[in-house]
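Work through the exercises below with the sequence and the model open. Try each task before you read its solution.

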Amino acid sequence: MNQTGGTDLLNLAERRMSWLQNRESVLAGNVANANTPHYSPKDVSPFQGVLNAAHGVALRRTNPGHMLGPTGETHAHRQGGRASLDGNRVVLEDELGKIAQTSDQQRFATTVYGRYMGLYGMALGGGGQ
């Protein structure tokens, strides 16, 4: 949070890119270990949990039928799933789909960051891009 009580968008963008980079690294490790016996794939906790932990704001469950929110953890955790004959649980198609999704999110985040910086340039009289 900044001094005026709003969200620091540049800090938020930095945190998001760091989270995406961490997730990409974990997913790449899953692909690299696709033939390792008894390996279970890992993933990072959702970014919403990172935000909740950073800002001290958590989702509130107002009805017993509502889903529980994320825990705010940022470390990698093992995932379940079907196992091959050697006990490996990595499904390459799933991992590659997650990598593509993460890449799309990185592209979106950098586009938004670039446009945001362009607005700064216009506000400061630089004419923007």
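The model is predicted, so local features need pLDDT of at least 70, side-chain atom pairs count only at pLDDT 80 or more, and totals for chains, interfaces and linings use all residues. Residues are numbered from 1 along each chain as its sequence is written, and side-chain values use heavy atoms, with hydrogens and water left out.

**Exercise 1. Classify the ring pair Tyr116 and Tyr120.**

Step 1: take the rule. Rings of Phe, Tyr and Trp (its six-membered ring) pair if their centres lie within 6.5 Å; planes under 30 degrees apart count as stacked, over 60 as edge-to-face and the rest as tilted.

Step 2: count. The rule gives two aromatic pairs.

Step 3: apply the rule. The centres of Tyr116 and Tyr120 are 5.2 Å apart and the planes stand at 75 degrees, so this pair is edge-to-face.

Step 4: place the residues. Both lie in helix α3 (residues 92–123), four residues apart, about one turn of the helix. Helices here are DSSP runs (H or I, at least four residues), and strands are too (E, at least two), numbered from the N terminus.

Step 5: check exposure. Buried means under 20% relative accessible area, exposed over 50%, partly exposed in between (1.4 Å probe, protein chains only). Tyr116 is partly exposed at 27%. Tyr120 is partly exposed at 36%.

**Exercise 2. Describe the lining of the largest pocket.**

Step 1: define it. On a 1 Å grid over the protein atoms alone, a pocket is an open set of points where a 1.4 Å probe fits, with protein on both sides within 12 Å along at least five of seven lines; lining residues have an atom within 4 Å of a point.

Step 2: list residues. Among those lining the largest pocket are Leu9, Arg16, Phe108 and Tyr116.

Step 3: assign elements. α1 (9–32) and α3 each give two or more residues to this lining. α3 gives the most, with six residues.

**Exercise 3. Find what sits over the ring of Phe47.**

Step 1: A charge sits over a ring if NZ of Lys or CZ of Arg is within 6 Å of the ring centre and within 35 degrees of the ring normal.

Step 2: name the partner. The charged end of Arg16 sits over the Phe47 ring, 4.9 Å from its centre.

Step 3: link back. Arg16 also lines the largest pocket.
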